[in-house]
Amino acid sequence: MLENLKVNIVLGFISFLFTYLFSIFNNTWQTTLYRAAAGFILFFFLGFVFHIVMKQMAGKSHPAHKDISVEEVEVKQKVEKNTAEVEEMTDTAGFQTVSLHSLHNQEDGEKR
């Protein structure tokens with residue numbers, strides 16, 4: 001959050017500086033200072049909005065920044081192990097197809 005605040009202050013200061021420099025030649029110093037301060041405030045808060053939007057687009061939490069507990073790691077390992085076992089069981093040649101007619105005790109098109 002502190003880094004976010006620093007970025008917003010720098011963004012606001014740059015806005016203040018440019019607004020002041022472009023406005024001083026055409027306005028009084030009071031008007032120029034007022035407009036530069038308004039530019040600082042506007043860009044300072046727009047920086048927060050930008051960060052919020054970017055977080056929403058990137059997802060709620062980034063996996064690299066998330067603290068994972070030991071229990072979560074153990075659960076994840078168990079799930080991966082079970083998934084591997086299920087995949088191994090389905091890859092075996094023990095599964096054979098059965099036609100629907102033989103399933104319902106029907107022979108070659110006869111209906112009961």
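Mentor: A residue is called buried under 20% relative accessible area, exposed over 50%, and partly exposed in between. The model is predicted. By that scale phenylalanine 18, with a relative accessible area of 47%, is partly exposed, and phenylalanine 22, at 62%, is exposed. These two residues are four apart in helix α1, which separates them by about one helical turn.

A pair of aromatic rings is described by the distance of the centres and the angle of the planes. Rings pair if their centres lie within 6.5 Å, and planes under 30 degrees apart count as stacked. The count comes to six aromatic pairs. In one of them, the ring centres of phenylalanine 18 and phenylalanine 22 are 6.0 Å apart and the planes are at 15 degrees, so this pair is stacked.

Now to helix α2, which runs over residues 29-58. Its 30 residues reach 43 Å from first C-alpha to last, close to the 44 Å expected. Phenylalanine 40 and phenylalanine 44 both lie in α2, four residues apart, or about one turn. Their rings are stacked, with 5.9 Å from centre to centre and 15 degrees between the planes. Phenylalanine 40 is partly exposed at 26%, while phenylalanine 44 counts as buried at 14%. Both belong to one aromatic cluster, together with Phe45 and Phe48.

The buried residues of α2 include Phe44, Phe48, Gly39 and Gly47. The buried residues of this helix pack against α1. Just after α2 comes glycine 59, with a positive phi of about 110 degrees.

Key: Residues are numbered from 1 along each chain as its sequence is written. This is a predicted model: local features need pLDDT of at least 70, side-chain atom pairs count only at pLDDT 80 or more; totals for chains, interfaces and linings use all residues. Side-chain values use heavy atoms; hydrogens and water are left out. The expected span of a helix is 1.5 Å times one less than its number of residues. Buried means under 20% relative accessible area, exposed over 50%, partly exposed in between (1.4 Å probe, protein chains only). Contact means heavy atoms within 4.5 Å. Rings of Phe, Tyr and Trp (its six-membered ring) pair if their centres lie within 6.5 Å; planes under 30 degrees apart count as stacked, over 60 as edge-to-face and the rest as tilted.
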